[in-house]
Each structure stands twice: as structure tokens, then as C-alpha cells.
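The following exercises are to be worked with the sequence and the structure at hand. Each task is followed by a solution in steps.

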Amino acid sequence: MKIILYIIQKEFKQIFRNKGMLPIIFVLPLLQLIILSNAATFEIKNIKFGAIDHDHTATSRALIEKFNASTYFDVLTNYPSQEKASAAMLKGEVNVILEIPSYFQRDLQTEKYHTLGVTINAIDGAAAGVENVYVTQIIQSFNQHIKVDLLQPSDQLITTTRIETIPLFWYNETLNYKTFMVPGILVLLVTMITLFLSGMNIVREKEIGTLEQINVTPIKKSQFIIGKLFPFWVIGMGLLTVGLIIAKGIFNVPMLGSLPLMYLYTGIYILVILGIGLFISNFTDTQQQAMFIAWFFTVIFILMSGLFTPIESMPKWAQMMTAFNPIKYFVEVMRMVMLKGSGFMDILPQLLKTVLYAFIMNGLAVWSYKKST
Amino acid sequence: MKRFIGFIEKEFYHIFRDRRSLFILFGMPIAQILLFGFAITNEINNVDIAILDHSKDANTTEIISKIGSSKYFSIKQVITKEADIAAVFKKGEVKAVLNFEKDFSKNLIKEHKASVQIVTDATDPNTANTISNYVNAILQQYQKELNKDSSTPYQIVPETRMVYNPELKSVYMFVPGVMTIILMLVSAMMTSISITKEKELGTMEILLVSPIKPIQVIIGKVFPYIFLSIINAIVIVVLSIFIFNMPVQGSLFLLALESILFIVSALALGILISTISKTQQTAMMISLMGLMLPVILLSGFIFPISSMPVPLQVISSIIPAKWFILIIKGIMLKGVGIEYLWKETLILLGMTVFFIALSVKKYKIRLE
């Protein structure tokens, strides 16, 4: 026990001695949490909008005015011709173009029906879908108004059957993205710091040549490994603590569930990550190799965690792969406990899988450590 | 010059001797782009929902079967009381519950009006909102069928044309993004330790007393990596064209030049990191912790930049990846040439020159 304490002490000293590393470990992640949480929103607003008006009548102007007044559309530009508008779209100056044909008002009055050209830049397919919905909504509401304004006495109002939908947004009534993203980004930062630090750790001693010196001392391997990894576990838990304070203090993210439960889960989760880090460290010769591999898995874990894109939409084989993704479980647990107040029984499946994962990863890591030295 | 070539040769040897690193370097991006190209989509499909039907009549049955047969939803559970809604949400089993009021059909016939609650788990606001919209659309369609006989007097119908990506494939959005993060991170990570490593292993002093100029050392260090990164870029582009059917509407030659420019900018950034850090560990942590999340979140890869608050839009402009993503999409999907992309290109070029100049300056300081 005493030996482990000495190693831990030594490791902490080494971390705090490296002045270049301190801001990277303690300041950079928190700064990113504060800044990047504001960036992650799927809300589509400030859509760059342009109109081509070939009609120049009260109706066409009223329609364009409708778009102008909407909060979604921004920077209204009037283009004199289709060519000018297309060029603007190629340059990326405009994303949605509405084209009102000549004789629009006249034909609408006589035929009561008219089509309108709408062009949407669809490179971001999801955004284009939303933009299409907004355009349709504005035009539909415009339709209702012409009904009121131009309705002839002969047109009888027919009672229509209506199904009323009442949307209820639980746990986040205002659809605030930060409430959703802050816990997720905190998960990423805790994971990245602990994985990168532990992944580089033992291979660093290998590369510099100090690992051999340790191998000839009477320190047991288990003591050495625990002593090496424990400081990173502390750093991860510390980061979680400060991150939670920032989430509450700056972003006002609720903490509905139990804080001890959150810590219990995180404590086990970091063990999984440290196990993965140690495993990587054992199988590489240089710090660079270790970091490339850690980066490889981190990118996969992040993009397939359900944090930014939904897991249900992935193909079945990819969904099955996410079962091996620790970040997925952490993101789920974090959001469940913080935002919904889920309790121990609710997160039990995730907790059990994480405990199992921790045993397997650390078992493999310790086993491979013996093999490789 | 001969000395310089000798130096470059040495650097090449160093890299090619390390087979393991090379394998990692080329294998990883291929695996990643394949994985993400097939798996990642921001469409919303097969969302698990639950039904709470207080009415159980002809209309609700019909609506439920319409919802269940849509590709957006799969009905996971039928629950019987209000209290169960919170329970299924807390377990995270479903994302939404459709709550039909009592006497749905009766109300529809008698009062021409019936209501249904769409209760969504809005911890994920995007999914919640989309679910709500989709259910609404299905119900409106159903309502139209009910009202077949009555017509509305005036109607303007938008005819929407989706340009550059008519099928709304999300792979068109993700391939350029994944290409960018791979090239950016791999390039920056490769060079970020190049000078630091010499410092840490003590070979730096040998370089310092040699007659090779600082700029030559830096170019010599970067050069082999330009070569490796170009091969990486070619592999990625070939994969995206042949496996994901990404079009290249514009000039492949321009795409190649722009990719080289972007690679050089990322390598130069790596060198800059290398000159300012003392240990390999610090260099690696700066390039990984400092670049990874900002590049994923602020480059427009996943989240639309125009929706971000203005200060963040400004920050995103100093990220080279943002400009490269615009360039790739311009060339591959819009088919535009340099006459539309000169601004983005100049910005990337400016950043590259800035990174190199700063590195040379920092490097010189250490010489004195």
C-alpha cells in the first residue's frame, strides 16, 4: 500500500511539474465546455433568403413581406433574374430562393390556384428539409389570409373536421439545445483527457527507456499500474466536478437526479477508459502510435455515440457496434440522470454493462502488460 | 542544396522504418471513412414511440396503423395510464408517447374536432421537434382524407426544387466533413511532434550546430509528410467517389490543388505546435485536445454555422477546416471553379503562410 502511495505521489509531482501540460489538462477542457456548448445546435435560423419577383403586384409584395417578417429567414435580397440568384447560390450567399412568376396575382384571382418556384440548397439535407417545412408553413398561412381577404360571398364556408395536435415537450419545454449538449460535451472532455493521458503514459516510459529501470525494482506490476493510473482517475473526477458546476452555474442545466449516482457511474466509467488507455499503451512502441490509435477510437466513439446523430437511424450492423461504445452509455446516463431524474433502477442496464466492460478492459490490459514486458 | 536533400532523405527513412506507424496512418482513415460514410446520418428514422389510447375506436386505430407503417416510427409499446409516460421516458425506452383523448371518434363526428397529445422526451430537442413535426404531417394527411369533399378557395402551392443534392442524402454532408477531420488531425498530429521529439531525445542540438538553416529544417520535416498526406487524401477521395457515389462536378485538378493547400496548412499548424511545446506529450495533447472538438463542432461539419451566435461564427472563421469544407462542397457538389472559391482559397493560403512564418520565428528564437 505504501509503495502505491509513493508512486501516486511521484506521478502527481510529475504532472504538476510539467507547466506546459497544466493548462491543457485543467483549463482547455473547461474553456471548450463553455464555448463549444453554444455551437452545437441543430436549430435552423438566420436562413439566407432571396426572392425573384417577376410580378411586382400587391400580392407578390405581400408574400415576400411574409418571409421578411418571419424569424427564420434572414438577409432578404431581391434578385432581378434567375441567373443572378443562381450565381448567388453557387457563391453560398443565399440558401433559399423564392421565384414569383409574372401575372401571379391575375392568375391567382381567376384560377384560384397557382404554383410558385422554390429553390433550396440541399447539400445539408437535414437543414433543407427544415427549410422546406418553414417555406410551406409561411405559404400556407398566406393562403389562409387570402381566403379571408378575397373571399366572395358565394364561397360557402364548409365546416371541416379537424384533428388537433398538442405537442408537449417534456424535460425541456423551451427546446434549449444547451441543456442537451452541455452534458454530452462534458462526457467527451472527461473521456478524451483520461484516455489520452493514460494512453501515452506507459509507452512514454518505454520510449524514454525508464520502464526498464522500473521493471528491475521490487515494485509489483499491479502496484505500478494502479499508481500510474490513479492520478488520471482523480483528474477525470475533478474535471467532472468542475464541469457539473459550470453546467449548473453558467448554463443552468438542471440536475434532477442523484449526484452520488452520477459520481458512482462516472467512477466506474473512467476505469473503463483507463483500461483502454493502458491497453493501447501496451501495444504501441511510441507515443505517436499510441495517440494515433487513441484518436482513431475517440473519433469513432464520438461520432457513433448518439451524441450528435441519432443511433436509431444507423443501419443495424452499426447499431450493434455501438454496444461496444463506452461513450454511448455515458452520454445516455448523464442525460438521463441530469435531465430526467432517472434513478438507480433506470440506469441499471447501462451500469451493469459498464462494470462488465471495466473488468474486461482492465483484465486485458493487465494481461497484455505482462506479455509485452 | 545537397545537404538539404540529404536531410529530407533522412526524414523519409525515419518514417518508412516505422512500419507500424505507417500501417496505422493509412489503415485508420480508410476504416473511419467507410464506417462513417455508411453509419452516420442525421435523418431521423425508426424512432421508438409508445401509444396511450384512451379511446380505442376506428379512427385512432387507423391513425396508429398509419404512424406504425411510416418509416419514421416504430411502435415499441402500448401503455395504459398517464403515469407510465414518465416511467418509459426515465428508462429511455421510447422518445415519444401519443396520447389519444377519450371518445376520439365521437368528438370527431359530433364536434368536428378531436385532439391528440404528442408527448416527446425533449431532452433531445432536435429529435423531439422532428417527431412532433412528422406526427403532425401524418395527421394532416389523414385529416385531408377525412375532408375530401370540402375544398379551400384559394391555394398557392410551392413547387420545391432541391438543388445540388436532390435526394437529400446525408452522406453528401458527412463525407466532406470526415475527409476534413481526418486530413486535419492526422496531418497536424504527424508534424506536431517532429521538432519536439528531437528536443526531447536530445538530437535537437545536433541539428542546431549543423549548417542547415531553420527554414530548411522545417521544410525538410514537413516534406515527407506532405507526400504521405497526399496519398491519404487520394485514398479518401477515391473511396468517396466509388463507394459513396460522391459526384465531382467540378475540376478534379482543382480539388487536388486545394487539398494540397489544406494539407500544408494543417502540417504547418502541427509544426507550429511542435516549436512551442517542450515534450511530445504536450504537443500531442495540444493537437488532440485543442483541435479535435473545435474542428468537429465549429467547422460546419455537423452543426450549421449560420445558426451559431455571432462570436462563435467569428471563431469558426479562424478554423482552416471551415474553409476547406466549403471548398470541397463547392467543387464536388456544386461544380464551381476557382472564380467562386478564390476567397476561401486566399484565406487558407494566408493562414498557411502565417503558421509557417510564426514557426520559423519561434524556431529561430530557440537558436539564439
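Helices are DSSP runs (H or I) of at least four residues, numbered from the N terminus. The model examined here is predicted.

**Exercise 1. Determine which helix contributes the largest share of the nonpolar patch.**

Solution. Step 1: list the members of the patch. Phe16(A), Phe26(A), Val27(A), Leu31(A), Ile35(A), Ile315(B) and Ile318(B) form this nonpolar patch on the surface. Together these residues have about 590 Å² of accessible area.
Step 1: assign the members to elements. Phe26(A), for instance, lies in helix H2 of chain A. Helix H2 of chain A, residues 21–36, supplies 4 residues of the patch, the largest share.

**Exercise 2. Describe the largest cavity by its volume and its lining.**

Solution. Step 1: count the cavities. With a threshold of 30 Å³ or more, the count is 1 cavity.
Step 1: state the size. The volume of the largest cavity is about 60 Å³.
Step 2: identify the lining. From chain A, the lining residues are Phe42(A), Phe180(A), Gly306(A), Leu307(A), Phe308(A), Thr309(A), Pro310(A) and Arg335(A); from chain B, they are Asp124(B), Asn126(B) and Thr127(B).
Step 3: classify the lining. It divides into 5 nonpolar, 4 polar and 2 charged residues, with Gly counted as polar.

**Exercise 3. Report the confidence of the model for chain A, for chain B and overall.**

Solution. Step 1: take the chains. Chain A has a mean pLDDT of 87, with 95% of its residues at 70 or more. Chain B has a mean pLDDT of 87, with 97% of its residues at 70 or more.
Step 1: take the elements of chain A. The lowest mean pLDDT among them, 78, belongs to helix H8 (residues 210–215) of chain A, and the highest, 94, to helix H10 (residues 259–282) of chain A.
Step 2: The model has ipTM 0.86 and pTM 0.88.

Notes: Residues are numbered from 1 along each chain as its sequence is written. Chains are lettered from A and ligands numbered from 1 in the order in which they are written. This is a predicted model: local features need pLDDT of at least 70, side-chain atom pairs count only at pLDDT 80 or more; totals for chains, interfaces and linings use all residues. Side-chain values use heavy atoms; hydrogens and water are left out. On a 1 Å grid over the protein atoms alone, a cavity is a set of points where a 1.4 Å probe fits but cannot get out, and a pocket is an open set with protein on both sides within 12 Å along at least five of seven lines; lining residues have an atom within 4 Å of a point. Grid points are joined across faces, edges and corners, and a volume is the space filled by probe spheres set on the points. pLDDT is the predictor's confidence in each residue, from 0 to 100. Patches are made of residues with over 30% relative accessible area and no salt bridge: like charges are joined within 9 Å, nonpolar side chains (Val, Leu, Ile, Met, Phe, Trp, Tyr) within 5 Å. Accessible areas come from the Shrake-Rupley method with a 1.4 Å probe; for residues, only the protein chains shown count as cover. A salt bridge is a side-chain nitrogen of Lys or Arg within 4 Å of a carboxyl oxygen of Asp or Glu. Helices (H or I, at least four residues) and strands (E, at least two) are DSSP runs, numbered from the N terminus.
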